[in-house]
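Thanks for coming, everyone. Please have a look at the screen before I start talking.

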Amino acid sequence: MNLDLRIPMGLMFLIVGAIMTILGLFTRGSVIYERSAGMNINLIWGVVMLAFGLIMFLLGRTSDKRVAAEPVEGTNRPLGGRGHGMGH
Amino acid sequence: MDLTIIDWLIMLLYFAFVLGIGFALKRFMKTSKDFFQAGRSLPAWICGLAFISANLGAQEVIGMGASGAKYGIATSHFYWIGAIPAMIFVGVFMMPFYYGSKARSVPEFLRLRFDEKTRAYNACSFAVMTVFSSGISMYAMARLIQTLHVFDSLFLKFNLPLGWIFHFAIIISAIIVLGYIFLGGLTSAIYNEVLQFFLIVAGFLPLVWVGLKNVGGWSGLKAALPVAYTHSWRGMTNAHNNPLGVEWFGLSMGLAFVLSFGYWCTDFLVIQTAMASDSEESARRVPLIAAVPKMFFPFLVILPGLIAIATTTTTQHAMLQSAPTLNTTAAPAAANDLSDPTKFSKGLIPAKVNPVTGKVMTDERGHPLLDYDLAIPNMLLHYFPTGILGLGLTALLASFMSGMAGNVTAFNTVWTYDLYQSYIHKNASDSHYLKMGRWATVGGILLSMATAYAATSFNNIMDTLQLVFSFVNAPLFATFLLGMFWKRTTGHAAFTGLVSGTVAAVVHHGLTLPADAHPGIHGGWITVVHSYPSEMAQNFWTAIWAFSVNFILTVIISLMTKPREESELVGLVYSLTPKPVEHHMAWYARPKVIAVGLIAMLIALNLIFR
């Protein structure tokens, strides 16, 4: 399929992560974190989601470029990935 | 529930991305193969995550949290021995036949291996089940949205009656699921299942983290709960000694063998994702990849149930009480009175309240009933502040939708290929079937909505439907097992065996009854000849009976009927098909090596939580 899922998925996690991180920055020390055991969970988890989104997005972009760079040599056999269990 | 604009934003973003993926995929949908089979071109890891996501619908997430709260860590048997061995088996042994036979669906495989009538029977029963299951998912989601008061503030703002929330939830979910499947077919469904998988992890992992931290870590959780809650095998030698009410034989034969293999190895709902992958090797790897996260999912969906029980509620935030209490002016009453539901709640689990009287509902012995289904929703509300609460709710909604979507894509494929193309309109052009698939999606969603509404007017319809499904599903695995591994099995035998297996399940259910239940929907409606310690034990034994009757009858009838030519069965039966070669793969990528690794991990987990 020609759409690499990692690109939209990475974007979504980037945006949601950014929203949560910014919210977390503005609500430092707020009483709303009493319920989450005193942790600023928006800030912490927002950063985690940002990181995950970025990795996904970059992976998607690089594999997209690789596919565009080398024209498929008349084979649609996806066995080419020899060994890396993830396919692409 | 007090949601802020941030929570709404996160939810809206998710819906925008879900539909956006559908739109982006639309231009790739050129043939019916693109639409129904994702062009058989997806990488193994995507299909693998979709493989478990398809199963991770609403009932699963809410239900596993509920069982966690009710039975403890023993619930993880449903994930460990109740799924992993079957997933390994389907990957290593069965996938070459599904993928290699070029069948486009599981019923079509039955036609290739056996005959037309076996396929017709399986296709019809499967199509009906998928529509009903997606309707049940839809109903459960609308109910939960109602109970959680997600849309209440929105409705009050626009002066709309709160009674419309149920309809609104049904219509919104129908439009979104319809939208992205209509546009992008199975690819869209699979992509969104993967997205939903990561969302569930992103939403539930911090929930478990915060919750565990609050109750004092794993050791604090262990200290706060009865011993049986944190040990999965304690008391399994005798059905009366453990909370599930099942002994090890019923558990391993009924759940681990018959039910789990029947589901993971034959249900097109999950198999369709593996069949969408880009090669036979990928297809074999799909269930094996899926098994890894599956193994660790108990920590995401079951553990919150345990934490919910252990959480002390001295600082109650916006905790939900069960059911909309119509009678808010419950009279202040004496100590043991049932009109004060908060007194009977356990941790974050509220007592079930009768909506008419406002009193706590009790079982036959006078113990109050707890509403375990609220374990996960209450955990979200208790531990999550605004912001991440939006993420948690989105994860929950996402799980409802992908449960529906998997059913709908399975339905449109089976309807179009196995019923419409085979019996109604043969030899039409490919674009005709593509169009049919799109309209079958619309039809499937409309039927699901009808089911959801039927569930609102008939209380028992959900239980009844699930009971009927279990009768139809229970004997299935015997047919596939014999079909794939014994070349002598014949079509007449398979068909008769399947039907009699279902009859056996019905009869067994009619003759037995779980303890503490009245004859009726729980069984015993013929006469009671045996009584089981729990409903679960009864389910497991119903499955064992159905499987055995099917197995024995299929063998006997096969020996009496004429087998097919061996040359016709190449690619369909184990002994007549060349074994898939693995030696060109790196050693760690070989399915058998992965399988052994998975089994080792499974044993380790069971030892840790014995």
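First, a caution. This is a predicted model. So how confident is the predictor in chain A? Chain A averages a pLDDT of 77. In that chain, 73% of the residues score at least 70. Over residues 72–88 of chain A, pLDDT stays under 50. The model has 14 contacts for that stretch beyond four places in sequence. Where pLDDT is low, the predicted coordinates should not be read in detail. Keep that in mind when you look at those contacts.

Now chain B. Its secondary structure comes to 22 helices and two strands. The chain has 610 residues, and 60% of them count as buried. Its accessible surface is about 22900 Å². Carbon and sulfur atoms account for 67% of that surface. What about contacts along the sequence? Take the contacts in chain B between residues at least 6 apart in sequence. Of those, 79% join residues at least 24 apart.

On to salt bridges. How many are there over all chains? The search of the whole structure finds eight.

Number one is between Arg104(B) and Glu108(B), at 2.9 Å from N to O. Arg104(B) is partly exposed, at 23% relative accessibility. Glu108(B) is buried, at 8%.

Next comes Asp418(B) with Arg119(B). Their side chains meet at 2.3 Å, N to O. Asp418(B) sits in helix α16, residues 388–424, and Arg119(B) in helix α7, residues 116–148, so this pair ties together parts that are 299 residues apart in sequence. Are these two side by side with the solvent, buried or exposed? Asp418(B) is buried, with a relative accessible area of 0%. Arg119(B) is buried as well, at 3%. Glu116(B), Arg119(B) and Asp418(B) are linked in a network of salt bridges.

Lys487(B) lies in the loop between α19 and α20, and Glu566(B) in the loop between α21 and α22, so the pair ties together parts 79 residues apart in sequence. Lys487(B) is partly exposed, at 34%. Glu566(B) is partly exposed too, at 39%.

Now the cysteines. A disulfide is a covalent bond between the sulfur atoms of two cysteines. How many does the search find over all chains? Two cysteines you can look up are Cys47(B) and Cys265(B). Cys47(B) is buried, with a relative accessible area of 0%. Cys265(B) is also buried, at 0%.

Let's zoom in on one alanine, Ala505(B). Where does it lie? Ala505(B) is in helix α20, residues 491–511 of chain B. Is Ala505(B) buried or exposed? Buried, because its relative accessibility is 0% and the cut-off for buried is under 20%. What does Ala505(B) touch? Leave aside the neighbours within four places in sequence. Then Ala505(B) is in contact with Phe471(B), Thr542(B) and Ala546(B). Along the chain, Ser470(B) and Ala505(B) are 35 residues apart. Their C-alpha atoms are separated by 8.3 Å.

Pick out Leu559(B), which lies in helix α21 of chain B. Leu559(B) is exposed, with a relative accessible area of 51%.

Last stop: two asparagines with a positive phi. For Asn159(B), phi is near 60°, and this residue is not a glycine. Asn159(B) is placed in the loop between α8 and α9 of chain B. Asn159(B) is exposed, at 71%. The other is Asn427(B). Its phi is about 60°, again positive in a residue that is not a glycine. Asn427(B) lies in the loop between α16 and α17. At 75% relative accessibility, Asn427(B) counts as exposed.

That's my tour. Questions are welcome.

Notes: Residues are numbered from 1 along each chain as its sequence is written. Chains are lettered from A and ligands numbered from 1 in the order in which they are written. This is a predicted model: local features need pLDDT of at least 70, side-chain atom pairs count only at pLDDT 80 or more; totals for chains, interfaces and linings use all residues. Side-chain values use heavy atoms; hydrogens and water are left out. Buried means under 20% relative accessible area, exposed over 50%, partly exposed in between (1.4 Å probe, protein chains only). Helices (H or I, at least four residues) and strands (E, at least two) are DSSP runs, numbered from the N terminus. Contact means heavy atoms within 4.5 Å. A salt bridge is a side-chain nitrogen of Lys or Arg within 4 Å of a carboxyl oxygen of Asp or Glu. pLDDT is the predictor's confidence in each residue, from 0 to 100. Accessible areas come from the Shrake-Rupley method with a 1.4 Å probe; for residues, only the protein chains shown count as cover.
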